[in-house]
Amino acid sequence: FPLVFFVVAILICLTSMTRMVEEERGQIGTLKALGYDNVQIASKYVIYALLATIIGSVVGVLIGFKILPTIIFNMYSMMYNLGKIVIEFNWYYALTGTLIAIFCTVAATLFACYRELKESPASLMRPKSPKAGKRVLLERIGFIWNKLSFTRKVTVRNVFRYKKRFLMTIIGIAGCTGLIIAGFGLRDCITSIVSGQYEKVFNYQVEVTFKPDVTLDEKNSEVERIKKINKVNDTLIANKESVEIENKDTNQSVQLIIPFDNYEDFIKIQDRKTEKEYTLDDKVYVSEKLYKLLKLKENDTLKIKLDDKEYITKVGGSTENYIMHYIYMSKKLYNSDSYNTMFVKVDNLNEETRKDLSKRLKEYDSVSKLTYNSLSRTVFDEAMENFGQVSGILIVSAGLLAFVVLYNLSSINISERKRELASIKVLGFYDNEVYNYIGRENKILTFIGMLLGCFVGYALTMYIIKTCELDITMFSPKISIYSYIYSLGITLIFTILVDI
């Protein structure tokens with residue numbers, strides 16, 4: 001994120017300083033005529049660029065080292081016990097950022113000054129000649145070009161006439177739109193893991209754990225009694241064990257689940273991309289993140305140690321999962337009637353039902369623990385909400401940057417073409433026609449920039465979620481269509497406001 005922000009911010013500085021020097025051509029010509037040398041004239045603009053960059057960098061460093069880390073730290077403190085924040089001033093980051101900014105702005109200023117100072121005082125005191133128009137590629141496509149009105153033909157020519165502005169606007173808009181999409185996209189990818197796990201993968205509400213020293217007959221008797229409890233819809237018995245999986249690359253703690261009956265209504269064991277449901281047979285199915293961590297492939301051999309037994313099994317494929325690691329094994333492969341867990345589906349589980357169910361189940365001697373998915377989900381929901389707030393900072397920052405880029409480039413565009421606009425007003429163009437003359441170009445460039453920004457945003461989001469995922473979680477690599485709509489809408493609103 002800092003890298004993309006930096007690139008866009010440098011673009012703003014480059015265009016601003018180039019514009020400032022070009023706008024003061026007359027003054028530079030006057031100073032040259034009065035006998036000032038090139039170094040003295042250039043120093044005026046270099047000092048301005050230095051002051052603006054240093055002041056901006058100082059403010060940025062204070063915000064970057066103090067305010068933003070504190071906000072993000074406080075968000076993480078809601079999830080973890082982190083103690084008190086200790087913020088140290090990092091001279092390396094501060095100086096690196098400031099020196100890059102100084103280099104870029106001063107280099108742009110010197111380049112612009114050098115170009116202007118090459119000319120004679122007399123030519124500098126005259127207005128700069130407008131850039132000559134050229135034929136564009138679209139003119140060769142007759143069936144399109146001939147159907148365009150005069151003003152639209154002018155717009156198309158002007159878009160390609162100012163190539164520097166064309167590139168600057170598209171890169172700036174694409175970068176900002178990409179950052180906004182990445183902010184929304186991160187929120188989508190992070191917050192959707194909870195609903196994915198507790199609505200799509202796990203479709204039961206309560207997990208009942210039996211005591212290890214209870215006989216099978218006692219457990220079977222208790223299971224039958226639990227089935228008759230009011231509001232209990234359906235049940236599934238299974239064996240659930242924590243096992244260690246070792247291979248040459250990593251050592252992972254994994255939950256092994258062996259369902260005894262029809263599990264399809266309780267747990268979705270399916271491929272995330274194709275949504276193809278697996279049938280448990282002589283192979284085991286591994287949750288997707290673990291599948292990637294262990295670098296497994298279909299039909300690879302996996303060694304599982306359970307109850308002093310060692311199972312050497314084949315891997316059938318990866319199954320959709322977002323939180324923790326799971327391996328699913330068939331009862332046939334497990335080859336035992338021993339179970340320790342019961343998954344329960346409850347009708348309309350609310351606070352009152354939960355209390356009543358807890359009270360009833362605690363009366364059974366064989367039950368050692370109750371786990372409600374709704375409570376687990378609440379914990380993860382709170383954690384994901386804090387992650388969402390972090391992405392909110394990115395969205396706001398990118399939105400502000402988008403506004404600055406658009407305003408800066410539009411302002412330069414209009415100020416550079418004052419004589420051109422005056423000329424077409426003299427020729428009889430009405431105010432709204434003059435507005436459309438400029439506004440239509442901005443809209444075309446913004447549209448192209450936003451289109452490229454969608455690709456930039458997607459690539460940036462996918463890169464970020466791959467690098468910041470924890471070992472026990474997998475973010476859902478999907479960006480909602482609404483995130484694209486919101487991001488493009490924000491950029492479009494800024495464009496309209498800036499145009500007005």
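Asn299 sits in the loop between H10 and S5, where helices (H or I, at least four residues) and strands (E, at least two) are DSSP runs numbered from the N terminus. The model is a predicted one, so to speak of local features a pLDDT of at least 70 is needed, side-chain atom pairs count only at pLDDT 80 or more, and totals for chains, interfaces and linings use all residues. Residues are numbered from 1 along each chain as its sequence is written, and side-chain values use heavy atoms, with hydrogens and water left out.

At 38% relative accessibility, Asn299 counts as partly exposed; buried means under 20% relative accessible area, exposed over 50%, and partly exposed in between (1.4 Å probe, protein chains only). Lys295 lies in the loop between helix H10 (288-293) and strand S5 (301-306). Its phi is positive too, about 55°, although Lys295 is not a glycine. With 60% relative accessibility, Lys295 is exposed.

Turning to the helices, Thr105 belongs to helix H4 (residues 91-117). Thr105 is buried, its relative accessible area being 3%. Once neighbours within four places in sequence are set aside, Thr105 is in contact (heavy atoms within 4.5 Å) with Cys13, Met17, Ala49 and Thr53.

Helix H7 (residues 150-161) has 12 residues and should span 16 Å at 1.5 Å a residue; its end C-alpha atoms are 16 Å apart, which agrees. The expected span here is 1.5 Å times one less than the number of residues. Val154, Thr155, Val156, Asn158, Val159 and Arg161 are buried in H7. Their cover includes helix H6 (142-145), helix H8 (163-201), helix H14 (418-426) and helix H15 (431-468). Further along, Ser411 is in helix H13 (residues 373-416) and is partly exposed at 22% relative accessibility. Ser411 and Val498 are 87 residues apart along the chain, and their C-alpha atoms are separated by 8.7 Å.

As for the aromatics, the structure holds 15 aromatic pairs, that is, rings of Phe, Tyr and Trp (its six-membered ring) with centres within 6.5 Å; planes under 30 degrees apart count as stacked, over 60 as edge-to-face and the rest as tilted. Phe89 and Trp91 make an edge-to-face pair, because their ring centres are 4.6 Å apart and their planes at 70°. Phe89 is partly exposed at 42% relative accessibility, while Trp91 is exposed at 58%. Phe260 and Tyr334 pair up in a tilted way, 6.5 Å centre to centre with 50° between the planes. Phe260 is in the loop between strand S3 (251-259) and strand S4 (283-287) and Tyr334 in helix H11 (residues 331-334), so this pair ties together parts that are 74 residues apart in sequence. Both Phe260 and Tyr334 are buried. Ring pairs also link Phe202, Tyr204, Tyr326, Tyr328 and Phe343 into a cluster.

The charged end of Arg354 sits over the ring of Tyr372, 5.7 Å from its centre.

Technical notes. Lys NZ or Arg CZ within 6 Å of the ring centre and 35° of its normal.
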